[in-house]
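I opened this model to look up a few local features and note them down. The entries follow.

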Amino acid sequence: MDANTDSYLRGKYAIVGIGETDYTRGSGRTTAALGVEAVSNAVRDAGLKMTDIDGMLSYSGNDSIPSTLLAGELGIRLNFYMDCQGGGSSTEALIGIAIGVIEAGMCKTVAIFRSMNGFSQIRIGGSGRSRGRSALSGGGLFNRGYGVMSAAQMFCQTFMRHMYDYGTTPEQVAHVKVIHSEHASNNPKAYYKERVTVEDVVNSRIICKPLHLLDCCVETDNATCIIVTGMDRARDCRHQPASILGVVGRVSKPRSDNHYQAGPISTVAGHYAKDLLWPNAGVTPADIDVTGSYDAFTFTTLLQLEDYGFCKKGEGGEYVSDGTMRLGGRRPNNTSGGHLCEGYTHGMNMVIENVRQLRHDIDDSCPMGPDGKRLHTYDYSEGGCRQVRDVELTANLGWATPGTGSAVVLTNQVQ
Amino acid sequence: MPLTGELHGMAVSIDDLDTPNQEFFKHCGHHQLHLQCCDDCKLMRYPATNACPHCGGLRSIWQPVSGKGTLYSYGEIHHAIQPAFRPFTPYMLLLVELDEQRNEPNEFDGLRMTGNLVTESGEMAPSELVNKVGIGSRLKIVFVDMGSGIAQPQWTLDDGAEQPESVWRYPD
């Protein structure tokens, strides 16, 4: 399909503001306070006023603050808001919803936020609060009754089967953590900044085979926010807009596949999402300069890059370990360190990082220039630069479960 | 009336409105695995549902199945989240592909049941047994009684069956 057609609102909407809190363990604040800070930061980043925001979207696992309360604290009058249940497949899908409600004339500028005390209150890893006190219901007998409660325990069969189907090795997969840790060592915000080796990963204690401790993401307290608006308004905002070329989500495997019945379980939702994403965006995986592939676990990054078509099915192990994903490589991934190292946001921090890449304005330690923008050295050694040269196209791949995902393609090439 | 029971010291309560699960676990209580078979398309499904995930049909009958299968994938949990499972680490989380309805309705589809590896008598498997089982192992069902006429389906090595020469295990 011709990339210049008007199909699918390509290039008509943009991300114009990004905001985050610190990534901590023990924020000492409520999710309301975190959310207020992240949204404020994003509005300021966009060069907008609080009164310019008239739409709000959020996602959570019952651990956030409702949009209506957050808007109330910031003095915003909303024409649209919706809070949904969900985790990692939400960021990209909500970008699509934001486009839809603006296109429908319901509002003009939407703040999408996620606010979570993901370490000090509710942890995806399962501990940190008392679960399992209620009786096992009919549904609970199929997971908690078998000792399945955390995401690691829920997804491990998919990861294991990928090793069986394709010969993927623990050492190949470990490279995802190694590479993301190198990237995080150049990220002053990252919770874990230390570079690790393949040996460190495969020698770390086993959580749930095939996952070692270092194959698993961090748990942090944080809030994040992105602002979406139409391209006409985007041109008046402070920074280069991150133009949205295509978005999909939440896309599912057949029959939702909550219980691993449909097709090979070493294939995930991206296999279906790719058939919408690339035609919508008018580009192919080969065109993408930088990716953000959800790293709840090392394996999830691998599975998605493979199923969205960045390499042949089954060759994900090679793709993530041959240097392609490293800063300086052909297509860097999760340049902030992602969920494995920077902080856990259910997807938002990887979209924020790619917006910064597209602005050529990564927040690393490179020296400030006279114009207030960093002079990037492109020296990716420890403590150095994180900016990729000549970025034009980025892709973010969001993961909820093996059976459900979402994605967005952004560009800085604005007509 | 809810069906109540106990599993590894955890309370079990299957709501009386949840007919599919009440029926499923009552059949398990009789130590015979039954799955719902759709009246319209004649395909079975797991777990118990209110409609047929293959065709959307709303009527089904409970069909007995063999309780035999092959290990399709697994995880081996070393870090238990639930206190009830801490005594059993490392315990296996199994995905068992039943003999019935393999590659139906499409290639690579199947009836795959979650479970843990247990001994013949239904105890969570010790390490010696865990280390023998891998992808490809032939397994058979074992019912672990929970009380009140309900039981949990679990899996053990089917030593009545021909096991493959080698099975795939995570490289240690």
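I looked past the end of helix 9 of chain A and found A:Gly309, whose phi is positive, near 100°. The model is predicted: local features need pLDDT of at least 70, side-chain atom pairs count only at pLDDT 80 or more, and totals for chains, interfaces and linings use all residues. Residues are numbered from 1 along each chain as its sequence is written, chains are lettered from A and ligands numbered from 1 in the order written, and side-chain values use heavy atoms, with hydrogens and water left out.

Helices (H or I, at least four residues) and strands (E, at least two) are DSSP runs numbered from the N terminus. I checked burial in helix 9 (residues 298–307) of chain A: 10 of the 10 residues are buried, so the helix is largely enclosed by the rest of the structure. Among them are A:Phe299, A:Gln304 and A:Glu306. Buried means under 20% relative accessible area, exposed over 50%, partly exposed in between (1.4 Å probe, protein chains only).

**Cysteines**

I searched for disulfides, pairs of cysteine sulfur atoms within 2.5 Å. A:Cys156 is in no disulfide, and its nearest cysteine sulfur, that of A:Cys208, is 3.5 Å away. A:Cys156 is buried, at 0% relative accessible area. In chain B, the sulfur of B:Cys38 lies 3.5 Å from the closest cysteine sulfur, in B:Cys55, which is too far for a bond. B:Cys38 is buried too, at 1%.

**A:Glu382**

I placed A:Glu382 in the loop between helix 12 (348–359) and strand 10 (393–401) of chain A. A:Glu382 is exposed, with a relative accessible area of 54%.
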